[in-house]
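Here is a friendly briefing to read beside the model. It goes topic by topic, with each cut-off given where its term comes up.

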Amino acid sequence: MIQEGDKFSVIDLRTSIDEVLTAQKSMPVHGDTPPLRIVIDGEIMDILRCSPHMYAQYRINQYNDIKSSAINIDTQLRKNGFYTTHKFSYDYRTPGLTPEQIINDAYCMEYFQTMANAAQYRRKSMKRVEPMLRDAFRISYYYAQYLWACNPGVCTNIAKSLSCPGADNWGQIIAAILGIGFKFHPDDVYEFAINHISPDITPDEFNARYDMQKHFKDMVMKKYAIDTGCMVLSENSQQKLTQILTKSEPSLFMQIISKLRFGNKR
């Protein structure tokens with residue numbers, strides 16, 4: 001198990017995840033243990049009697065028709081005749097890990113975060129699992145750090161915003177991992193993981209952010225038949241998508257010339 005201050009490789013990371021999952025398997029749950037209920041996709045589940053892999057599969061099945069909304073946007077634009085050099089997906093470096101593995105691992109770690117949230121009102125009876133939950137939180141953060149270290153520059157702002165995190169930031173850490181697994185653009189990973197699900201915003205502020213995203217999603221679908229899927233798009237991405245759809249960005253020729261001269265800074 002990776003400990004604080006350790007240098008580690010992707011093999012160490014995988015081993016530590018396996019150790020956390022093994023700890024969950026040995027978690028004592030007796031017939032008289034009260035259920036710890038959660039709701040996933042409209043279904044009520046007892047998370048104490050559900051494995052992390054089962055939980056991950058439930059979560060993956062929620063979006064099984066679209067594996068990556070970012071890749072799907074790029075595909076839709078091409079199919080609808082919108083020609084641009086811009087991509088809403090991003091090819092991250094993830095040595096030793098496939099995107100599918102990253103997504104599954106993130107949801108497995110989310111299992112423990114969900115358990116921790118559900119158990120906060122039963123701290124006395126859940127005391128025996130607290131060391132496992134602390135390990136799961138720590139490994140989640142190291143997992144994110146590994147991905148950020150493999151992608152310096154593009155993930156710098158995300159990493160800075162989640163330096164020295166506490167348990168309240170666990171959801172943000174998992175969202176950042178998932179964003180990389182789903183190949184969302186770094187701007188959009190930041191918007192989702194740092195701004196959209198921040199523990200520092202009020203429920204009203206969260207709902208306002210959600211409503212703005214839904215308004216943009218509905219508008220793009222109604223006017224252009226482009227589905228942004230589950231994406232939480234940054235202001236930059238919304239502006240760029242609007243330029244592409246209204247054909248108000250520079251011509252494709254000028255985009256290519258600009259790319260050759262200055263590189264892609266987005």
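**Aromatic pairs**

The count comes to 7 aromatic pairs, where rings of Phe, Tyr and Trp (its six-membered ring) pair if their centres lie within 6.5 Å, and planes under 30 degrees apart count as stacked, over 60 as edge-to-face and the rest as tilted. This is a predicted model, in which local features need pLDDT of at least 70, side-chain atom pairs count only at pLDDT 80 or more, and totals for chains, interfaces and linings use all residues. Residues are numbered from 1 along each chain as its sequence is written, and side-chain values use heavy atoms, with hydrogens and water left out.

- One of the pairs joins Phe8 and Tyr142, with 5.6 Å from centre to centre and 35° between the planes, a tilted arrangement.
- Phe8 sits in the segment before helix 1 (10–25) and Tyr142 in helix 5 (residues 130–150), so this pair ties together parts that are 134 residues apart in sequence. Helices here are DSSP runs (H or I, at least four residues), as are strands (E, at least two), numbered from the N terminus.
- Phe8 is partly exposed at 25% relative accessible area, while Tyr142 is buried at 9%. Buried means under 20% relative accessible area, exposed over 50%, and partly exposed in between (1.4 Å probe, protein chains only).
- The rings of Tyr111 and Phe112 have centres 5.1 Å apart and planes at 90°, so this pair is edge-to-face.
- Tyr111 is buried, with a relative accessible area of 0%, and Phe112 is buried, with a value of 0%.
- Tyr55, Tyr111 and Phe112 are linked by ring pairs into a cluster.

**The chain as a whole**

- The secondary structure comes to 11 helices and 2 strands.
- Along the sequence, the pattern reads α-β-β-α-α-α-α-α-α-α-α-α-α.
- Of the chain's 266 residues, 44% count as buried.
- Among contacts (heavy atoms within 4.5 Å) with a separation of 6 or more, 70% come from residues 24 or more positions apart.

**Helix packing**

- Two packed helices are described by the angle between their axes and the distance between the axes.
- Helix 5 and helix 7 pack at an angle of about 40°, with axes 9 Å apart. The axes are lines fitted to C-alpha atoms, for helices over the stretch in contact, and angles run from 0 to 180 degrees between N-to-C directions.
- That angle makes helix 5 oblique to helix 7; angles under 35 degrees count as roughly parallel, over 145 as roughly antiparallel, 65 to 115 as roughly perpendicular and the rest as oblique.
- Helix 5 and helix 7 have a left-handed crossing, meaning that the near helix is turned anticlockwise from the far one by less than a right angle.
- On the helix 5 side, the contact residues include Leu133, Phe137, Tyr141 and Trp148, and on the helix 7 side they include Trp170, Ile173 and Ile180.
- Helix 8 (residues 186–196) has buried residues that include Pro186, Asp188, Val189, Glu191 and His196.
- The buried residues of helix 8 pack against helix 6 (156–161), helix 7 (170–181), helix 9 (203–224) and helix 10 (235–245).

**A loop residue and the cysteines**

- Thr228 has its place in the loop between helix 9 and helix 10, and at 2% relative accessibility Thr228 is buried.
- Leaving out residues up to four places away in sequence, Thr228 touches Ser69, Ile73, Lys217, Val220, Leu233 and Leu241.
- The structure holds 0 disulfides (a disulfide is a pair of cysteine sulfur atoms within 2.5 Å).
- Cys164 is exposed at 77% relative accessible area, and Cys230 is partly exposed at 37%.
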